Amino acid sequence: MSTENQELRKAGLKVTLPRVKILQILDNAVENGLHLSAEDVYKALLEAGDDVGLATVYRVLTQFEAAGLVERHNFEGGYSVFEMARDEHHDHMVCAVTGEVIEFYDADIERLQKEVAKKHGFELVNHSLVLYVKPLKTP
Ligand SMILES: [Zn+2]
């Protein structure tokens, strides 16, 4: 049984061909540090010669999100990107010029967020941090 089949079953989803194909694309994207839009997934399927419609891609991605298999990020600019859910936390920056999504983890920022919440009488349970950036001008 393939990794994708196991992942689907573990998430409580029936194994179907479109689900396996889409999961394969997302699994491979993680290795390249990529965050894919539904259109990116659709294009990758087309390139691989797989006949899966865009509506199916949207539906499967929504099912994956509901099952906790993938995370959806709604970055500014009006479209969502998807990535495989992972145990390790990370934040994102998005380049306003190229649209590139960069992952980062900064222990100081993580600590400061907890401290800020505590100062306001709360315990931090979750956060989502997106920095919108542009390339530094090189002199
Ligand atoms: Zn990410």
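Author: Buried means under 20% relative accessible area, exposed over 50%, partly exposed in between (1.4 Å probe, protein chains only). This is a predicted model: local features need pLDDT of at least 70, side-chain atom pairs count only at pLDDT 80 or more, and totals for chains, interfaces and linings use all residues. Residues are numbered from 1 along each chain as its sequence is written, and side-chain values use heavy atoms, with hydrogens and water left out.

Reader: Is S80 buried or exposed, then?

Author: S80 is buried, because its relative accessibility is 19%.

Reader: Where is S80?

Author: In strand β2, residues 80-84. Strands (E, at least two residues) and helices (H or I, at least four) are DSSP runs, numbered from the N terminus.

Reader: Which residues is S80 in contact with, leaving aside neighbours within four places in sequence?

Author: L36, S37, A38, R72, H73 and N74. Contact means heavy atoms within 4.5 Å.

Reader: New topic. How do α3 and α4 cross?

Author: The axes of α3 (residues 38-47) and α4 (residues 54-66) come within 9 Å and cross at roughly 125°. Axes are lines fitted to C-alpha atoms, for helices over the stretch in contact, and angles run from 0 to 180 degrees between N-to-C directions. So α3 is oblique to α4. Angles under 35 degrees count as roughly parallel, over 145 as roughly antiparallel, 65 to 115 as roughly perpendicular and the rest as oblique.

Reader: Which residues meet there?

Author: A38, E39, V41, Y42 and L45 in α3 meet L54, V57, Y58 and L61 in α4.

Reader: And T3, buried or exposed?

Author: T3 is exposed, because its relative accessibility is 52%. T3 sits in helix α1, residues 3-10.
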